[in-house]
Amino acid sequence: MRTKAGGHRLREMSFKRSDCAIACALDVIGDKWTLLIVRDLFLGRSRYGEFLKSGERIPTNILARRLRRLEAAGLVERTVDPRPRSRYAYRLTRSGRRLGPVLGALIDWARSQIPGTRVAPRVR
């Protein structure tokens with residue numbers, strides 16, 4: 001969905017609980033796993049099995065649900081993956097890539113406030 005300024009917006013959410021910007025953002029990305037999946041997409045992971053190999057060990061049923069929800073929200077696109085042993089590849093949409101500064105701010109905050117945190121290395 002395009003805005004008047006030519007940017008992209010998320011699809012209308014059926015699960016929106018209020019008009020508060022923070023509440024709306026949390027409705028889309030505020031659970032325990034979603035930003036970790038987005039992080040993995042930024043790190044170059046694109047296949048289901050690659051997400052499962054992340055250190056946090058997301059359960060398969062939750063991973064499938066979160067990927068569907070991210071796709072429904074317009075943050076992730078799913079395509080048929082031509083590589084062997086893989087069915088689909090996932091990538092961030094323009095709206096999904098706009099979460100980059102959000103992740104950067106979380107990284108900066110965590111590194112300055114929580115001793116022992118680190119930044120995950122890039123996959124590729």
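1. Start with the pairing of H2 and helix H6 (residues 100-113). Their axes come within 11 Å and cross at roughly 105 degrees. Angles of 65 to 115 degrees count as roughly perpendicular, and H2 and H6 are therefore roughly perpendicular to each other. On the H2 side, the residues that meet H6 are Leu35, Val38, Arg39 and Phe42. On the H6 side they are Gly100, Leu103 and Leu106. By class, the contact of H2 with H6 has five nonpolar residues, one polar and one charged. Note that the model is predicted.

2. The overall layout, for orientation. The protein has six helices and two strands. Along the sequence the pattern reads α-α-α-α-β-β-α-α. The protein has 124 residues, and 33% of them count as buried. Take the contacts with a separation of 6 or more: residues 24 or more positions apart account for 50% of them.

3. H2 also packs on H4. The axes of helix H2 (residues 34-42) and helix H4 (residues 60-73) come within 10 Å, with a crossing angle of roughly 75 degrees. That makes H2 roughly perpendicular to H4. H2 contributes Thr34, Ile37 and Val38 to the contact. H4 contributes Leu63, Arg66, Leu67 and Leu70. The contact of H2 with H4 divides into five nonpolar residues, one polar and one charged. Val38 is listed in the contact with H4 and is also listed in the one with H6.

4. How much of H2 is covered? Mostly: seven of its nine residues are buried. These are Thr34, Leu35, Ile37, Val38, Arg39, Asp40 and Leu41. Two charged residues, Arg39 and Asp40, are among them. The cover over the buried residues includes the helices H1, H3 (48-52), H4 and H6. It also includes strand E1 (76-80) and strand E2 (88-92). After H2 comes Gly44, with a positive phi near 105 degrees.

5. Look next at Asp31. Asp31 sits in the loop between helix H1 (21-29) and H2. Its relative accessible area is 27%, so Asp31 is partly exposed. The side chain of Asp31 reaches the backbone nitrogen of Trp33 at 2.7 Å. Leaving aside residues up to four places away in sequence, Asp31 touches Leu26 and Arg66. Asp31 and Arg66 are 35 residues apart along the chain, and their C-alpha atoms are separated by 9.3 Å. Arg66 is also one of the H4 residues in the contact with H2.

6. A backbone point: Arg57. Most residues other than glycine have a negative phi. Arg57 is not a glycine, yet its phi is positive, at about 55 degrees. The residue lies in the loop between H3 and H4. Is Arg57 buried or exposed? Arg57 is exposed, with a relative accessible area of 69%.

7. The cysteines. The structure holds zero disulfides. Cys20 is in no disulfide, and the nearest cysteine sulfur, that of Cys24, is 6.9 Å away. Cys20 has 41% relative accessibility and so counts as partly exposed.

8. Ser95 is placed in helix H5 (residues 94-97). With a relative accessible area of 11%, Ser95 is buried. What separates Ser95 from Val76? In sequence it is 19 residues; in space it is 8.4 Å, C-alpha to C-alpha. Val76 belongs to strand E1, which is part of the cover over the buried residues of H2.

9. Last, Gly49. Gly49 is in helix H3. Its relative accessibility is 35%, so Gly49 counts as partly exposed. Gly49 and Arg85 are 36 residues apart along the chain. Their C-alpha atoms are separated by 9.6 Å. H3 itself is among the elements that cover the buried residues of H2.

Terms used:
Residues numbered from 1 in each chain as written. Predicted model: local features only at pLDDT ≥ 70, side-chain atom pairs only at ≥ 80, totals over all residues. Heavy atoms only, no water. Axes fitted to C-alpha atoms, helices over the stretch in contact; angles between N-to-C directions. Helix = DSSP H or I, 4+ residues; strand = E, 2+ residues; numbered from the N terminus. Parallel < 35°, antiparallel > 145°, perpendicular 65-115°, else oblique. Contact = heavy atoms within 4.5 Å. Buried < 20%, exposed > 50% of the residue type's maximum accessible area, 1.4 Å probe, protein only. Polar contact = N/O pair within 3.5 Å; in protein donor to acceptor, adjacent residues only side chain to side chain. Disulfide = S-S within 2.5 Å.
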